[in-house]
Amino acid sequence: MKPLIRAPKDFWSGVMFLAFAALTLVTASGYSMGRGGRMGPGYFPTMLGWLLALLGAILVIRSFAITGEAIEKIKFRPLLALLGCVLFFAVTINPLGLVISLTITTFLCAFAGDEVRVGEALALSLGLTLFSLVIFVFALGLPLPVWPSL
Amino acid sequence: MMDVFSNIWLGLTVAVTLKNLAYCLIGSFLGTVVGVLPGIGPVTTVAMLMPISFTLEPTSALIMLAGIYYGAQYGGSTTAILINIPGEASSVVTSLDGHQMARQGRAGPALGIAALGSFFAGTVATFVIAFGAPPLAKLALQFGPAEYFSLMLCGLVAAVVLARGSIIKAIAMVLLGLVFGLSGSDVNSGVRRFTYGFQGLADGIEFVALSMAIYGVAEVIVNLEKKVDENASTAPVGSVWPSWADIRYCIPTVLRGTALGSVLGVLPGGGALLASFSAYTLEKKVAKAPRNFGHGDIRGVAAPESANNAGAQTSFIPMLTLGIPSNPTMALMIGALMVHGITPGPRVMTDRPELFWGIVASMWIGNLLLVVLNLPMVGIWVRLLRTPYRLMFPAIVGFCCIGAYTVNANVTDIVVMAFITLFGYICLKLDCEPAPLILGFVLGPLMEENLRRGLLISRGDPMIFLNTPISLGFLIAAALLLLVVAAPAIRRKREEALVE
Amino acid sequence: MTIARALRAPLSALVLLGLSSAASLVVTSAAQAQAFPNKPVRLVLPYSPGGIIDYVGRTMAQALTGALGQPVVAENRPGAGGITGTDSVARSPADGYTLVLMDPAIVINPTLQPSMPYDLFKQLKTVSIISSSPEVVVVAPELPIKSISDLIAYGKANPGKLNFASAGIGTTPHLAGELFQQRTGVVATHIPYKSIGQSYPDMMSNKVQFAFSSIAGALPFTTDNRVRVIATTGKTRSPVYPDAPTVDEAGLKGFEVDLWLGIFAPAATPAEAMDKLNGAMQTVLKDPEVLKALAKVGVEPRGTTSAEGEAFLKAEFGKWKKVIEDGNIKEN
């Protein structure tokens, strides 16, 4: 017996588009549609939402009929590790400053791969931080906090 | 005719003084650097150098600022090719084939053809400005809200062609890009839409955060899922230079790209961006063996790079001749001119010929300097690619974080980057290509703005979009393009159905 | 000219860039005990680079650096029509080292925005209103409109035909247009643009008929009459357009729109720092170099005391609040 969903990639893409369409339509319902020649802020998003829903629905329905590729297995380690790193940087950049925040972020980041050498990762993160400090802060003068703010 | 040559000669005498050459070099060098670095673009750099430019002669100041602008376009494509991070919207297209080439060990030829294509386009564009500035300036004035809306629509349809896979998914991604672009304050009503109460989203999703999330972090995650030896680091490093065969292969592409870029660059708004991807689209439809596009075809680098550079250069036309800024960098340059008591407009050409022609000539020299500066760098860049991936990826993620933060000095942008990374990862897993999304994101707000402005002016009458020949022409072109795109897919589907 | 001389200016440009950024980093904890100011002062510009605020802000920062004896570093913090940058200053330590340069949006935002992250009159204090600049009334050149009374007559004779451009909802060009409609009874459709500069091509082709524009926005188009100037909105005529009457002269008594700029500090900033800053601003606003720089973009120096500035701020707040409420303008 054939599986019900024959094109998993299409199916889940369709579901994703439908989800975004629903979010768009719900959010846009809070904005005025406008009247006459004065198109309101809700008009264009609502139109987009329905079009997106239509395409999502086509993908979902079609995935029952046409055979397509399966989704490759998801490895959670790199995904969660890198998302964690980015969020860690977001949380720490202002209180801890660039030096501490970036060193830890890039050090942790190295553990997302299969192949980690602790000494190398440490050297890399320190080197990157020094490089960033010189280029972004000293040479370009970008407004980055450098040290922890007390 | 003779006038033009005597004008160019006048320009050269201005631009080739030692002082102006130095400013040209500094500008294009700085531009390349900020183009390569994430999170700092030409706008920020020009703004930072403004106070210094006040103390210079206006011609020297403009020569330097212009150098930053086109130098940055150039540097942006370097990172797009090497590590798949397009710093500017217009480099998104370059990364499609450019990065594939890098992974196949052909980063050298990709960078080389980008430099040569850009230089050729720059040379031609210089002459386009010299001969065609006044008529092209008139073209830009013909564009009202209706024409812009139709042009954007046409551009979005062209974006679908960028995709390698499913057309339905590509159209859906364009629509999703339009939705992402809705976030922020609505120009027509002032209402903050899709910000969900976050102050940091009041100006919308930051482009740098979006493109770094999808092309930087999400791409790294997908790469890390693969076995180590599949990553770029182990690909054999082939020749550093493009071969004669490569160059000959690209000549028609570069010519078409340059022509398209020169015209589209004149249009204020999305001009230079539209140029790079419509050139790619055109090649994909016109050139032989279109199947190679997206898999590391060298023409896929040559087309957007030449168009983009031609467009960057001709975008000076509306600024210098009409006083209309075609992008934020140009707005800054108008500011710089006004500080020197020069008001940009049609009279600049006649009142200050040495300024106008000096800048035009300096652009050509600047492009030459860029080639001279960058071709020797290609070898270094390519060697950099041999760095093991386990050392590369923390650096990429680190730079993405810094880049996302420094654009607006805003933590929200980093958080947004994290969310879009997750979304980008899902898209990559599901074979939903991000390029159409990015173009929808950039063009969408302009499209809605002009649609609503057009309808406001016509008091709600949609005929405004059909009444002018330019707007009607774009709408017809969009419809035809959609047919061309959809036709092979429909045919294929029918054949599949018949086989079953 | 020798090579060395030719290269000196560009090289010093680079060095300057490096120095100004290094200066902002100098940590002077040891010098804390000395009188204000003993470390660099940040001047936040809450808009994107380019435009009047940026230009005036950077000019002032440079001049104030000399007057205060400490680097004054201009920093763009754009976002949400100036709210993001202003908010960041409102939340900063009240020590006089963080200032913000703002335009009339600072008094318009509280009325227009449904929610504000800070309270203007409780969290910020005026250091000085540093400048004034009128708006210019410009009209499409193909219309037979030569004066304010022509514009009013044309509007009344052709109802539903007039459009006016602005730089967005709640910006001074928008509210000036609204005030004009309220004063004259003329009805015009508001067409918002992202910046006033973008509206000029549409005005040249008569898709938009008039606008209240900033001088800097109008200059590129008025020097060669590609759009027509019919009046300016200051108390007196603008030196940039000496031939154009003020709107008041042209018959609309008391019609005045000022694109003023002011520098503000967190409300609890000690009086000593406020006085020092205000004094430095009054001094630099008499400096001929600064005046020359401001005149280039049609900005006239002002330099009020802190108390005068506060009173002016309250008056402007009330004036625009009335226009917004009478016109029932809200973000929808």
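In the predicted model, about 4,100 Å² is buried between chain C and chain B, and carbon and sulfur atoms give 65% of this area. The contact draws on 50 residues of chain C and 46 residues of chain B. One salt bridge is counted between chain C and chain B. This salt bridge joins the side chains of Lys194(C) and Glu449(B), with an N to O distance of 3.2 Å.

Several elements of chain C give two or more residues to the side that touches chain B, namely helices H1 (3–23), H2 (52–68), H3 (83–90), H8 (196–204) and H9 (215–222), together with strand E7 (189–192). Of these, H1(C) supplies the largest share, 10 residues. When the side of chain C that touches chain B is divided by class, 28 residues are nonpolar, 11 are polar and 11 are charged.

Chain C itself contains 12 helices and 11 strands. Its 332 residues include 57% that count as buried. Chain C exposes about 12,800 Å², and carbon and sulfur atoms supply 57% of that area. Among contacts in chain C between residues at least 6 apart in sequence, 76% join residues at least 24 apart.

The contact of chain A with chain B was examined in the same terms. Here, 65 residues of chain A are in contact with 68 residues of chain B. The two chains, A and B, bury about 5,900 Å² between them, with 79% of it on carbon and sulfur atoms. On the side of chain A, the most area is lost to chain B by Met39(A), Phe44(A) and Val86(A), which together account for 10% of what that side buries.

Between chain A and chain B, 3 salt bridges are counted. One of the salt bridges links the side chains of Asp431(B) and Lys9(A), at 2.9 Å from N to O. The interface of chain A and chain B also holds 10 residue pairs in polar contact, again with both residues at pLDDT 80 or more. The elements of chain A that give two or more residues to the side touching chain B are helices H1 (8–28), H2 (43–65), H3 (76–109) and H4 (118–139), and strand E2 (38–39). H3(A) gives the most, with 14 residues. By class, the side of chain A that touches chain B comprises 44 nonpolar, 9 polar and 12 charged residues.

How values were computed: Residues numbered from 1 in each chain as written. Chains lettered and ligands numbered in written order. Predicted model: local features only at pLDDT ≥ 70, side-chain atom pairs only at ≥ 80, totals over all residues. Heavy atoms only, no water. Helix = DSSP H or I, 4+ residues; strand = E, 2+ residues; numbered from the N terminus. Buried < 20%, exposed > 50% of the residue type's maximum accessible area, 1.4 Å probe, protein only. Contact = heavy atoms within 4.5 Å. Areas by Shrake-Rupley, 256 points an atom, 1.4 Å probe, with all protein chains shown as cover. Buried area = accessible area lost by both parts, 1.4 Å probe. Salt bridge = Lys/Arg side-chain N within 4 Å of Asp/Glu carboxyl O. Nonpolar A, V, L, I, M, F, W, Y, C, P; charged D, E, K, R; others polar. Polar contact = N/O pair within 3.5 Å; in protein donor to acceptor, adjacent residues only side chain to side chain.
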